[in-house]
Amino acid sequence: MRTLDQTTGEILDLAAAHFKVPREQLSPGDDFYRKLKIDSLQALELLTRLENHFGVELPDYEVQGVSDFRTLADRIQARL
Amino acid sequence: MDENEGFMSDFSGKTLSWKLSGGIVELELHYAPCNEIGLAMIDELERLVAALPELETQAAALIIHSSRKEGFSAGGDLRELYRLALATEGNARTEGMRTFVHRIHHVMNSLDASPLVTIAAVHGICFGGGFELALTCDIIVADKMARFAFPELRLGIIPGFGGIPRLRRDVGNAVVRDLLFTGRSLNAAKAQALGLVSQVAGEGEALRVARTTASQVLKYDRHTTAVAKRFAKPIPLEELRRETELFCELFARPAVMEALRKFVESTDAHPYLP
């Protein structure tokens, strides 16, 4: 079972790789819309990539209003 | 369109193009930003439907795909729909919508019933009317990054292009209710687990997989395939008729115009989230 910190770290790794942002520039508390400079379509891409990576389903409405990596990790953690 | 227009084995239009080659018709949707289905696309889909009888004598398979990087299709053109609806009122507005829906149903039913084996190669967004278009196909091949959703209820309407009857044809009612009532989107793996998607392809590979599938289809006797298709994939015509009635009934409510107005005027950064 992953810890919340591990899940958060994996999300940061995935986000950095997918959006080609240096990993060291990303922190758990960052607003990923701003930090990654992404729109809603790209947020859905991130969601899909996270679902595929963690093997979970994360309904869109659960991430509506979520904009930081740590809260996103928390939502995923609840479904692992 | 001109009904006397000659047969077009190839066509290139504003919203889509098609090409017949080696027994396979490839229909490419290329309308920016993400293949929104409005009057322009319906006009050109009707041209395809008019060409289908001739194409069906020369091909065994039809692949529908998108060249827009955003995805297969974001669904109905809500901005155009709102603009057109604003120009009319009351019964005229409802009747205008009914005419629009009848046209799209004619296209969808023609694709659904075609003896060609139809394959949707889906990537990215496949929402609303786009999902309904994919559901007319015999086989859906989905890129692993594809997402499917019916977000219509947030506008106070139900899917109006045949979505509910065709979804119900392929999956259980519990899934239909979940997708409709929450508006959530499904990824390709989940859609495959539910039986909506036949094959999941790697990123950027859906069209290639669809072509390989179409090549396999070509090996079999066309008549037998057409007979099998008619038997295995009945068109739920009565439910489709009922859907049109319910859609138009719901569309006539002032709340729908208000929801459309909010959508069109919104600066919400997350229009794809329910």
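How many helices and strands are there in chain B? Chain B has eleven helices and eleven strands. Helices (H or I, at least four residues) and strands (E, at least two) are DSSP runs, numbered from the N terminus.

This is a predicted model: local features need pLDDT of at least 70, side-chain atom pairs count only at pLDDT 80 or more, and totals for chains, interfaces and linings use all residues. Residues are numbered from 1 along each chain as its sequence is written, while chains are lettered from A and ligands numbered from 1 in the order in which they are written.

**Overall build of chain B**

Along the principal axes, the C-alpha atoms of chain B fill a box of roughly 55 × 45 × 35 Å. Buried residues make up 43% of the 274 residues in chain B. Buried means 20 or more other C-beta atoms within 10 Å of the residue's own, exposed means 12 or fewer, and partly exposed lies in between, with C-beta atoms placed from the backbone. Take the contacts in chain B between residues at least 6 apart in sequence: 77% of them join residues at least 24 apart. A contact needs C-beta atoms, placed from the backbone, within 7 Å.

Two packed helices are described by the angle between their axes and the distance between the axes. Axes are lines fitted to C-alpha atoms, for helices over the stretch in contact, and angles run from 0 to 180 degrees between N-to-C directions.

| Helix pair | Axes come within | Crossing angle |
|---|---|---|
| α1(B) (residues 39-58) and α3(B) (residues 90-113) | 10 Å | roughly 40° |
| α4(B) (residues 128-135) and α5(B) (residues 163-170) | 9 Å | roughly 50° |

The angle makes α1(B) oblique to α3(B). Angles under 35 degrees count as roughly parallel, over 145 as roughly antiparallel, 65 to 115 as roughly perpendicular and the rest as oblique. The contact of α1(B) with α3(B) has six nonpolar, one polar and two charged residues. Ala, Val, Leu, Ile, Met, Phe, Trp, Tyr, Cys and Pro count as nonpolar, Asp, Glu, Lys and Arg as charged, and the others, Gly among them, as polar. In α1(B), I42(B), L45(B), E46(B), V49(B) and L52(B) meet R103(B), I104(B), V107(B) and S110(B) in α3(B).

α4(B) and α5(B) are also oblique to each other. Here F131(B), E132(B) and L135(B) in α4(B) meet G163(B), R166(B), L167(B) and D170(B) in α5(B). That contact divides into three nonpolar, one polar and three charged residues.

**Between the chains**

Chain B gives 17 residues to the contact and chain A gives 15. On the chain B side, eight are nonpolar, four polar and five charged.

**Two single residues**

Is R49(A) buried or exposed? R49(A) is buried, with 20 other C-beta atoms within 10 Å. R49(A) sits in helix α3 (residues 40-54) of chain A. Leaving aside neighbours within four places in sequence, R49(A) contacts L14(A) and H18(A).

V264(B) lies in helix α11 (residues 254-265) of chain B. V264(B) counts as partly exposed, with 14 C-beta neighbours inside 10 Å. Not counting residues up to four places away in sequence, V264(B) touches L78(B), R79(B) and Y82(B).

Conventions
Two residues are in contact if their C-beta atoms, placed from the backbone, lie within 7 Å.
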